[in-house]
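Here are my notes on the model shown below. The points are numbered so that each can be checked against the structure in turn.

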Amino acid sequence: MSAPLLQIEDLTMHFPVRGGVLRRQVATVHAVDGIRLSVEAGQTLGLVGESGCGKTTVGRCIVGLYKPTAGRVRFDGRNIAGAGAGELKKIRRDLQMIFQDPFESLNPRHTVGEILGEPFDIHRIGTSADRAARVQALMERVGMDPGAVDRFPHEFSGGQRQRIGIARAIALNPRLVVCDEPVSALDVSIQSQILNLLLKLQQEMGLAYLFIAHDLAVVKHVSDRIAVMYLGKIMEQAPAETLYRNPLHPYTVALIAAIPEADPFRRKVHPLLGGDVPSPLNPPPGCRFHPRCPIAIQRCREEAPMLKAAAGGDHLVACHRAGELRLPDTG
Amino acid sequence: MNNTILRVERLSVSFATEKGRLTAVEDVSFSLRRGETLGLVGESGCGKSVTALSIMRLLPRPAGRIEAGRIMLENTDLLRLPAADLPGLRGRRIAMIFQEPMTALNPVHRLGQQVAEAVHLHRPELDDKAVGQEVVAMLKQVRIPEPTSRVKAYPHQISGGMRQRVMIAMALAARPDILIADEPTTALDVTIQAQILSLMRDLQAETGTAIIFITHDLGVIAELCHRVAVMYAGRIVESAAVETLFRSPRHPYTQGLLAAIPRLDRTPKAPLATIEGTVPALDTMPPGCRFANRCPRVMERCHLAPPPLVEVGEGHAVACYLYS
């Protein structure tokens with residue numbers, strides 16, 4: 001078997017918190033704490049978790065927006081964690097990112113044509129006439145009217161702006177696109193258009209995605225495999241359908257149980273989880289989920305469980321009591 | 001029917017913009033019964049929040065203006081209420097909670113003080129000690145852990161979910177007839193949302209307060225509401241009991257919306273149903289049905305005049321020429 005396109009090993013990202021007149025480091029945010037993930041070429045890995053779990057930080061470490069505290073990010077076999085600007089520029093052709101708010105990631109003073117032409121300028125691809133044709137083809141590919149090439153980002157709706165963000169990301173035929181909450185700012189009817197577009201582009205171009213989102217139903221819809229994060233750690237990782245049919249980690253079970261379904265005949269009567277997510281400034285000892293876990297035992301408070309294979313080789317879970325909490329019947 | 005506590009009748013609201021006065025809500029009618037939860041669902045800009053603000057008489061003025069209609073709270077038309085009577089309406093008879101409680105709480109006052117203010121306002125007969133006890137009881141009622149110590153905390157010291165609980169406690173302080181909840185769980189994580197929805201359901205069972213729950217999330221509607229009105233581009237396109245709406249939606253927009261939601265029990269990576277196109281801008285609203293440009297079943301007459309909301313079954317109304 002060939003090596004995965006992207007392999008993350010023991011990735012750790014700690015942010016210092018500074019305080020006092022001397023701006024000394026007074027605390028540390030443990031945003032990501034030693035995680036391991038891989039994405040195969042042409043496949044989608046979904047990364048799901050609630051706010052503050054570290055999923056966005058993982059994405060930013062991969063594309064080089066953050067220099068990780070420790071660990072390796074291997075892209076196509078090479079470690080790119082903390083790569084310099086020159087090396088990053090080369091990698092960027094193969095490794096791109098789509099952001100949640102396309103408005104904030106698009107220069108408001110540039111036309112769509114300028115925004116989409118920029119990748120070709122930076123990498124000195126084609127003549128200027130050739131670039132115009134490429135921009136036009138890109139716009140068509142993402143379902144935009146090429147006649148809008150001279151308009152500015154603010155003239156477009158949120159869904160159209162996200163199409164521009166996607167077009168820019170795929171301009172240079174990348175191999176991996178990190179998608180950070182690409183549809184969470186969009187209305188449902190627009191969200192489904194964008195999800196379909198991402199699926200279509202994956203098929204046509206053989207793209208791999210790391211799809212980061214808080215909405216498990218959306219993540220499951222686009223992913224081959226899903227990793228569930230909580231407070232900087234991976235709790236469970238499995239093929240998408242397996243994760244939903246047979247969740248083994250109590251947090252995954254609770255997450256599935258908390259999603260309101262568009263079906264009044266399947267109401268979720270009692271929430272499984274009480275309390276709030278603890279602060280990543282001071283993560284709990286042992287398993288990070290233990291203060292909210294309905295089946296935690298003494299061991300969970302003392303010993304952090306390792307992520308290990310369960311039930312076949314491709315289902316990983318980090319829990320001392322894996323598989324013991326089941327989804328409640330809905331009524 | 002004396003079971004009805006609030007009736008919105010043919011409400012139209014306009015806003016002054018750079019492009020002139022534009023209608024944000026048009027010809028909206030619905031009723032709310034005692035003790036029920038009515039969902040108002042729709043995508044951004046559909047007019048659901050403007051409708052709620054009209055009921056509270058909180059439209060920004062002079063930009064926002066009621067063009068037509070009545071809002072009857074029992075036998076009083078709220079739109080004709082003199083300004084002097086508004087404090088007796090807001091909070092006392094109708095209370096409201098918002099998406100971001102941080103903007104509604106005063107950041108420099110302790111929580112206990114703010115809740116006490118709400119209690120004092122509505123029950124001036126209580127002395128300080130009794131108010132203090134009431135505050136703790138109320139925080140306990142919304143399931144805030146360690147309420148006696150939390151009264152000393154400032155808003156930024158507690159989580160978003162906890163802040164929303166405090167808002168709910170304050171909103172219910174005066175035992176209002178109606179609670180309007182405008183996207184109260186949208187900013188919260190899904191496991192916290194589940195806690196808040198469960199809390200609201202339990203409190204309603206205890207107090208009998210009628211709730212208007214505004215959201216863009218059909219899942220939340222299915223979870224919590226008894227009846228639902230679907231809004232699109234300023235108009236109600238369909239209303240029904242939740243079971244009816246989710247089992248047999250009739251309006252092409254409702255059908256499209258339900259089909260477009262990614263669901264956990266669907267096959268991964270299969271294409272989702274979509275509603276093509278986008279909502280028309282307020283200044284380019286068509287004279288006919290506002291959904292016509294995106295509707296898969298559009299007919300010639302849809303472009304001429306807006307379809308009226310007509311009854312197609314018991315308590316089930318649809319504004320679509322396919323049914324009238």
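1. Helix α11 of chain B covers residues 252–260, and its buried residues are B:P252, B:Y253, B:T254, B:G256, B:L257 and B:A260. A residue is called buried if 20 or more other C-beta atoms lie within 10 Å of its own, exposed if 12 or fewer, and partly exposed in between, with C-beta atoms placed from the backbone. Helices (H or I, at least four residues) and strands (E, at least two) are DSSP runs, numbered from the N terminus. The buried residues of α11(B) pack against α6 of chain A, and also against α9 (218–224), β9 (227–232), β10 (235–241) and α10 (242–247) of chain B. Two residues are in contact if their C-beta atoms, placed from the backbone, lie within 7 Å.

2. A word on the source: this is a predicted model, in which local features need pLDDT of at least 70 and side-chain atom pairs count only at pLDDT 80 or more, while totals for chains, interfaces and linings use all residues. Residues are numbered from 1 along each chain as its sequence is written, and chains are lettered from A and ligands numbered from 1 in the order in which they are written.

3. How many residues does each chain give to the contact? Chain A gives 40 residues and chain B gives 39 residues. On the side of chain A that touches chain B, the elements giving two or more residues are α6 (188–205), α7 (216–222), α8 (240–245) and α9 (250–258) of chain A. The largest share, seven residues, comes from α6(A). By class, this side of chain A has 19 nonpolar, 12 polar and nine charged residues. Here Ala, Val, Leu, Ile, Met, Phe, Trp, Tyr, Cys and Pro count as nonpolar, Asp, Glu, Lys and Arg as charged, and the others, Gly among them, as polar.

4. A:P260 is found in the loop between α9 and α10 (298–302) of chain A. It counts as buried because 23 other C-beta atoms lie within 10 Å. Leaving aside neighbours within four places in sequence, A:P260 is in contact with A:K268, B:D217, B:G219, B:V220, B:A222 and B:E223.

5. Helix α1 of chain A (residues 55–62) has eight of its eight residues buried, so it is largely enclosed by the rest of the structure. Among them are A:K55 and A:R60. After α1(A) comes A:G64, whose phi is positive, near 85°.

6. Chain B has 11 helices and 12 strands. Its radius of gyration, taken over C-alpha atoms, is 21 Å, close to the 20 Å that the globule rule gives for 324 residues, so chain B is as compact as a globular protein of that length. The globule rule is 2.2 Å times the number of residues to the power 0.38. Of the 324 residues of chain B, 44% count as buried.

7. What is the order of strands in the open sheet of chain B? The eight strands run β6-β7-β8-β3-β9-β10-β12-β11, with mixed pairing. Two strands pair if DSSP finds at least two bridges between them. The edge strands, β6 and β11 (310–313) of chain B, each pair on one side only. Further along the sheet, β9(B) and β10(B) run antiparallel and are joined by six bridges, with B:R227 opposite B:A241 in β10(B).

8. Strand β6 of chain B (residues 94–97) pairs with strand β7 of chain B (residues 178–182) in the parallel sense over four bridges. B:A95 stands opposite B:L179 in β7(B). In a regular strand the side chains alternate between the two faces of the sheet. In β6(B), B:I94 and B:M96 point one way and B:A95 and B:I97 the other way, and all are buried. B:I94 counts as buried because it has 25 C-beta neighbours inside 10 Å. The C-alpha atoms of B:I94 and B:D177 are separated by 6.1 Å, although the two are 83 residues apart along the chain.

9. Helix α4 of chain B (residues 111–122) and helix α5 of chain B (residues 128–141) have axes that come within 9 Å and cross at roughly 110°. Axes are lines fitted to C-alpha atoms, for helices over the stretch in contact, and angles run from 0 to 180 degrees between N-to-C directions. α4(B) and α5(B) are therefore roughly perpendicular to each other, a term for angles of 65 to 115 degrees (under 35 is roughly parallel, over 145 roughly antiparallel, the rest oblique). B:G112, B:V115, B:A116, B:V119 and B:H120 in α4(B) meet B:V131, B:E134, B:V135, B:M138 and B:L139 in α5(B). This contact has seven nonpolar, two polar and one charged residues.
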